[in-house]
Amino acid sequence: MIQNGIHHVTAIAGPAQRNLDFYTRVLGLRLVKKTVNFDDPGTYHFYYGDEAGQPGTILTFFPWEHAAPGQLGTGETQETVFRVPEGAIGYWTHRLIEKGVAHEAPEKRFGETVVAFKDPDGMRLALVAVPGIENEPAWSTGEIPAEHAIRGFHSASLLVREAAPTGAILTDIYGFTEIAREGSLIRYKAGDTALGGIIDLREVGNFPRGRSGAGTVHHIAFRAASDAVQAEMVRKLAANHGIRATEQKNRDYFRAVYFREPNGILFEIATDDPGFAVDEPAASLGQALKLPRFLEPKREKIEAVLPKVA
């Protein structure tokens, strides 16, 4: 069965080492790829995920040392939400306190317990307690027991002026269905996709537009099983919605096209293949700096410019 849903979320961060420490040490995600921004190779591009770097688990960052803080507003991803086993929510509440991470009291959304918090750059994140996922495989660094570890994405919430046009893209292009409403939130689900299968639209009318910067999401990518599926999505986008996507770009670990949806959020369609083990063994993902072939001749110069990280 074709899996739809979120492929990855890409955000902007401040200092690289601080970003690395928070996501690998505090949240216990695996660094599955250490590369550079292909369009700005003086900047890292970090990919965090589960052990194999499956689509639906990948949160990526462009860390700029002196990035100015962004401002959340319409036309942006408001919150990126991770799944944890139902019995782990108490563990995580204590861990956030222990690590000095600002967070909110647990609350209920669509009947699920949610703990919202922020990363060091102010990016909005949350953990959702999901029943029945205790036996899913989990990446564990040892410090966080496997039974409490994060199991990929639950959802992302998008802040939009008007929900219907974005909802039309989610349903027609990405295979989501509207399943519930709660206050200003409209929930969409991608079939029975477990990882990253939910998008919440928060309709806020004339709320000010966001400003890109540290702590904000740059784009959100959705899955395509193959180049052919991606091409069909691009065709439907133009034919049914009058929106043209970019040409396909090879990102080494997936192939991507981009477009702005009607509320101005940058959407991507990313192929599931070839994945993150294409240029290094699965056992040592994220350990070496990987460069695309066209940048390899400049490796020495690039390594001299990048901040040192441990």
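Which residues form one aromatic cluster? In this predicted model, the cluster consists of Phe22, Tyr23, Tyr44, Phe46, Tyr48 and Phe61. Across the structure, 19 aromatic pairs are found.

A pair of aromatic rings is described by the distance of the centres and the angle of the planes.

| Pair | Distance of centres | Angle of planes | Geometry |
|---|---|---|---|
| Tyr47 and Tyr253 | 6.1 Å | 75° | edge-to-face |
| Tyr253 and Phe276 | 5.4 Å | 25° | stacked |

The planes of Tyr47 and Tyr253 stand at 75°, and the pair is therefore edge-to-face, since an angle over 60 degrees is required for that class. This pair links distant parts of the chain: Tyr47 belongs to strand β3 (residues 40–49), while Tyr253 lies in the loop between β14 (249–250) and β15 (255–260), and 206 residues separate the two. Tyr47 has a relative accessibility of 3% and so counts as buried. Tyr253, with a relative accessible area of 1%, is buried as well.

Tyr253 also pairs with Phe276, and because their planes lie at 25° this pair is stacked. Here too, distant parts of the chain are linked: Tyr253 is in the loop between β14 and β15, whereas Phe276 is in the loop between β16 (266–271) and α5 (299–305), 23 residues apart. Phe276, like Tyr253, is buried.

A contact of another kind involves a charged residue and a ring. Arg30 is positioned over the face of Trp139, at 4.6 Å from the ring centre.

Notes
Residues are numbered from 1 along each chain as its sequence is written. This is a predicted model: local features need pLDDT of at least 70, side-chain atom pairs count only at pLDDT 80 or more; totals for chains, interfaces and linings use all residues. Side-chain values use heavy atoms; hydrogens and water are left out. Rings of Phe, Tyr and Trp (its six-membered ring) pair if their centres lie within 6.5 Å; planes under 30 degrees apart count as stacked, over 60 as edge-to-face and the rest as tilted. Helices (H or I, at least four residues) and strands (E, at least two) are DSSP runs, numbered from the N terminus. Buried means under 20% relative accessible area, exposed over 50%, partly exposed in between (1.4 Å probe, protein chains only). A charge sits over a ring if NZ of Lys or CZ of Arg is within 6 Å of the ring centre and within 35 degrees of the ring normal.
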